[in-house]
Amino acid sequence: MTYKVKLPVFEGPFDLLLFLIKKNEVDVYDIPVAEITHQYLEYLELMKMLDLDVAGEFIEMVATLMLIKVRMLLPRIASGEDEEIEDPRAQLVAQLLEYQRFKEVSGDFEKLENERRRYFSRAVPEEMRNKLNANDDELLDDVSLFDLLTAFKRALDNIPKVTVHQVNVVKVTMEQQVKFVFEKLGRRSYMLFSELTKSVKNKIELIVTFMAILDLIRLQFLSAKQTDNFGEIRMVAIQSPSYEKYLEARDKELVEESEES
Amino acid sequence: MTREKNKKNNIPDVNRLSDEEMTYLPIIEALVFSSESPLPLTKIREIIPGLAPKQINSIIEYLNEQYRQGGRSYEIREIAGGYQMFTMPEFAAFVDKLFQEKQQSRLTQKALETLAIVAYKQPVTRHEIEEIRGVNVDGVMKTLMSRSLVTISGRAQAPGSPFLYKTTRKFLDYFGLKSLDDLPKLKEIDELIDVDDEDRPYHETILREIDISELGLKENGNGEANNREENGDQEKSDQA
């Protein structure tokens, strides 16, 4: 026969402390530290007995409580100035109350969540979403560098792992990859980032391709867009994909830079 | 509260749409109906220039009134910065079955707590969240990010330039909020303690033990909230 024990789940040391304070009906500004620490430890024991994972933060709190108790017991060395002596518990109390604010409001969020789950919008089939025209700019959020890096990381992870290390001369150049990107894009108005990286089979080539994309974004040939966070990233053509124009734009920049310095 | 107030104020307007507004009524309905995501007010004004936000609001209210009177099963709601059509909550049990597989699981207590901190403190670093919650939030943040409720908004100018997090539009949609101004009110620390005290059961017993006449409250025997607290505090310090 087994017994089921119902124990409140504590989200962290603050949660457990607040529970004990409430249970003992003590003033949060006048916590009896020794008694509360004692009960706190009893709960940790109970949690261990029930095979619950006692996270390090719970144990750290015991140390904090003990430090506070020690500070309260030690006589204060008069500093000579008449500045107010801070209660050693003050900081912990402030943290507890700040936590309680958010714990309470999370109940409101739960209510909102439940209400929201009771009404539905018209469903948009997944297939339709993918067919959306790249011109529907209002549906596309601008992609941040972080999104691009995430996509890059994903592409890197997809490359088969090679355990043998061999030093190779890097044969790919950025110019080549710019050409490659333009070829892939062709006359279309956009292409998917994943489509672009799928055909790249080794890491160096992928890195150089990524650099080429960044350069093309910088020089305003491409822009990166997506529909949702973590959604597919599209590379949208801003100018016609002409390799000659790309070289021109780069040279122009070089000239400007040298003029500045 | 403000929402209710607005509704009340709008009711007289509902019955009094101008001829011009009446001609725009079906157009706006068509726009909201065909929109797959919340349709922003600005978008409506782009399509129908010259229509004031207040007029659009009245037209939406009017449409909703028509739906109510016609016993329709849907209404237009303002959510995540736009207007969208939704089924009425009373049909949830049925529509739920239609979407059974697609419905995402509810958020856990720790996810709700963490999300609340991000919502009020954004942009916020992971460390600041951990300071408040007192526990590591790596796992929860990963969950919230993968559900697109939270996203990275940049880096803080602090040692190690940690990531800053903010809530997304999906977050507003998930909780049925119009905008971030629509967040539930976060209590101040003082309010927190007041509420807490009222929750405590010992007040009632204590009230009976105190001779109210001693406190000069003869007439107010049944105790206003304020008196109650004073009594409680006094008794508490007596006990201590």
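Student: In strand 5 of chain B, which residue is the bridge partner of Thr125(B)?

Tutor: The bridge partner of Thr125(B) in strand 5 of chain B is Leu164(B). Before we look around it, please note that this is a predicted model, where local features need pLDDT of at least 70, side-chain atom pairs count only at pLDDT 80 or more, and totals for chains, interfaces and linings use all residues; side-chain values use heavy atoms, without hydrogens or water. Residues are numbered from 1 along each chain as its sequence is written, while chains are lettered from A and ligands numbered from 1 in the order in which they are written.

Let us start with the strands. Strand 3 of chain B pairs with strand 5 (residues 163–167) of chain B in the antiparallel sense, over 2 bridges. (Two strands pair if DSSP finds at least two bridges between them; helices, H or I of at least four residues, and strands, E of at least two, are DSSP runs numbered from the N terminus.) Both belong to an open, antiparallel sheet of 3 strands in chain B, with the order 3-5-4. Strand 3 (124–125) and strand 4 (150–155) of chain B are its edge strands, each pairing on one side only. Across strand 4 and strand 5 of chain B lies helix 8 (residues 138–146) of chain B, which runs at about 105° to strand 4 of chain B. (That angle, on a scale from 0 to 180 degrees, is taken between the N-to-C directions of lines fitted to C-alpha atoms, for helices over the stretch in contact, and contact means heavy atoms within 4.5 Å.)

Now the chain around that sheet. Chain B has 12 helices and 5 strands, and 40% of its 240 residues are buried. (Buried means under 20% relative accessible area, exposed over 50% and partly exposed in between, with a 1.4 Å probe and protein chains only.) Of the contacts in chain B with a separation of 6 or more, 51% come from residues 24 or more positions apart.

A pair of aromatic rings is described by the distance of the centres and the angle of the planes. (Rings of Phe, Tyr and Trp, the last by its six-membered ring, pair if their centres lie within 6.5 Å; planes under 30 degrees apart count as stacked, over 60 as edge-to-face and the rest as tilted.) The count by this rule is 17 aromatic pairs over all chains. In one of them, the rings of Phe14(A) and Tyr99(A) have centres 6.0 Å apart and planes at 45°, so the pair is tilted. Phe14(A) sits in helix 1 (residues 13–24) of chain A and Tyr99(A) in helix 4 (residues 90–116) of chain A, so this pair links distant parts of the chain, 85 residues apart. Phe14(A) and Tyr99(A) are buried.

Tyr119(A) and Phe86(B) make an edge-to-face pair, 5.0 Å from centre to centre with 80° between the planes. This pair joins two chains, because Tyr119(A) is in the loop between helix 4 and helix 5 (126–131) of chain A and Phe86(B) is in strand 2 (residues 82–87) of chain B. Tyr119(A) and Phe86(B) are both buried. The charged end of Arg77(B) also sits over the ring of Tyr119(A), 3.5 Å from its centre. (A charge sits over a ring if NZ of Lys or CZ of Arg is within 6 Å of the ring centre and within 35 degrees of the ring normal.) Likewise, Arg122(A) lies over the face of Phe33(B), 4.6 Å from the ring centre. Ring pairs also tie Phe102(A), Phe109(A), Tyr120(B), Phe171(B), Tyr174(B) and Phe175(B) into a cluster.

Chain A has strand pairing too. Strand 4 (residues 233–237) of chain A has 4 of its 5 residues buried. Strand 2 (residues 190–192) of chain A pairs with strand 4 of chain A in the antiparallel sense over 3 bridges, and there Tyr190(A) has Val236(A) as its bridge partner. Strand 3 (residues 222–226) of chain A also pairs with strand 4 of chain A, antiparallel and over 5 bridges, with Ile233(A) as the bridge partner of Gln226(A). The hairpin of strand 3 and strand 4 of chain A has 6 residues between the strands, and in it Phe230(A) takes a positive phi near 65°.
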